[in-house]
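Here is a short briefing to read alongside the model. Keep the structure open as you go through the points below.

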Amino acid sequence: MKRTFDLLALMLFGFIFATVIAGYVERDSLSALAQYYLEAVPRDLGAQNVVTGILITYRGFDTLGEVAVLFMVAASVGILLASGAGERPDEVGRDAAAGPSELVISGAEVILPMIFLFGAYVILNGHLSAGGGFQGGAVVASGVMLLLIARPSTLVNHGFLSVTESLAGVVYVTLGILGIVFAGGFLDSHIMPRGELGAFISAGAIPVISALLGIKVGAELSVVIDRFRS
Amino acid sequence: MLLELLLLLISASILVSGVLAVWLDNLLPAMVSAGLASLFAAASYVLLAAPDVAMAEAAIGAGLSTLIFLYAIRKTRTGED
């Protein structure tokens, strides 16, 4: 009985994907919406990277929602796994043999600064090249992860991370409200001068919002990782 | 043409590492294999001209989630053995 149901479900999925594939035609031109964004983002927002321009300005409210979801995840992971927060992570039933190897420790010393630098680069150049706050924040958090693997006795300062993260969130929403007051709406990036297309300081408030996003995402993911460790 | 071949190769790698992740009995290699599937997916996003998505996939899918699973595997082993 269960098998026939599995088979039916599989066939249904197969049918759905088959119709999707059968209906696929490769476009040789952009859709009207894509064309609009490709023209409007550099002209209107001054951002060279169209994706970040859309994410932070046109879909700014969605991005705020995503960050709120991430915040809730970090908070609930904290509540669920907070029981062992008081004890040091290297004392929680881990013997010396399970520690990191020499390769990991030495490799982390070389790579770690580069990972953090790359994360900062990705965050700050979100309006110019691929990336942005979310990606850069994830890169920074993976650097924190490497640090925690290479040096298991590292203690993460949760209080500092929480304050930083909350402050970034407050400034983010404040910038959004300033957008209502001084520009076209919530999270409008026109509250700061647009600048020259392609310059480092350009695209209005996009780099600032991107930096705040990066700080927020990096701090939240770092807290999640550390909660899983301890 | 070359791009399509490369894309097919990467897609096959995603499939193989995904199937391996399900089949392998040892949890550690299975998890590494799942991370590899994410990494290949990130590579395919780069080829399909979506570097923003690729960066997020590589950092979160291949990096963070794999590590969180590895921590969980380690924890449950020391906790229940």
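Buried residues account for 30% of the 81 residues in chain B. Please bear in mind that this is a predicted model. The accessible surface of chain B is about 5000 Å², and carbon and sulfur atoms hold 76% of that.

**Chain B: build**
- Chain B has three helices and zero strands, giving the pattern α-α-α along the sequence.
- Along the principal axes, its C-alpha atoms fill a box of roughly 50 × 25 × 10 Å.
- Of the contacts in chain B between residues at least 6 apart in sequence, 53% link residues at least 24 apart.

**Chain A: an annotated span**
- UniProt, in an unreviewed entry, lists residues 1–81 of chain A as "domain: MrpA C-terminal/MbhE".
- That span of chain A is 81% helix and 0% strand, and its end C-alpha atoms lie 39 Å apart.

**Where the two chains meet**
- On the chain A side, 24 residues are in contact with 14 residues of chain B.
- About 1600 Å² is buried between chain A and chain B, with 72% coming from carbon and sulfur atoms.
- Four helices of chain A each supply at least two residues of the side touching chain B: H3 (50–58), H5 (102–124), H6 (133–150) and H8 (206–229).
- H6(A) gives the largest share of that side, eight residues.

**Polar links across the interface**
- The rule finds zero salt bridges between chain A and chain B.
- One residue pair is in polar contact across this interface, both residues at pLDDT 80 or more.

Terms used:
Residues numbered from 1 in each chain as written. Chains lettered and ligands numbered in written order. Predicted model: local features only at pLDDT ≥ 70, side-chain atom pairs only at ≥ 80, totals over all residues. Heavy atoms only, no water. Buried < 20%, exposed > 50% of the residue type's maximum accessible area, 1.4 Å probe, protein only. Contact = heavy atoms within 4.5 Å. Areas by Shrake-Rupley, 256 points an atom, 1.4 Å probe, with all protein chains shown as cover. UniProt positions renumbered as here; feature names shortened; annotations may be inferred. Buried area = accessible area lost by both parts, 1.4 Å probe. Salt bridge = Lys/Arg side-chain N within 4 Å of Asp/Glu carboxyl O. Polar contact = N/O pair within 3.5 Å; in protein donor to acceptor, adjacent residues only side chain to side chain.
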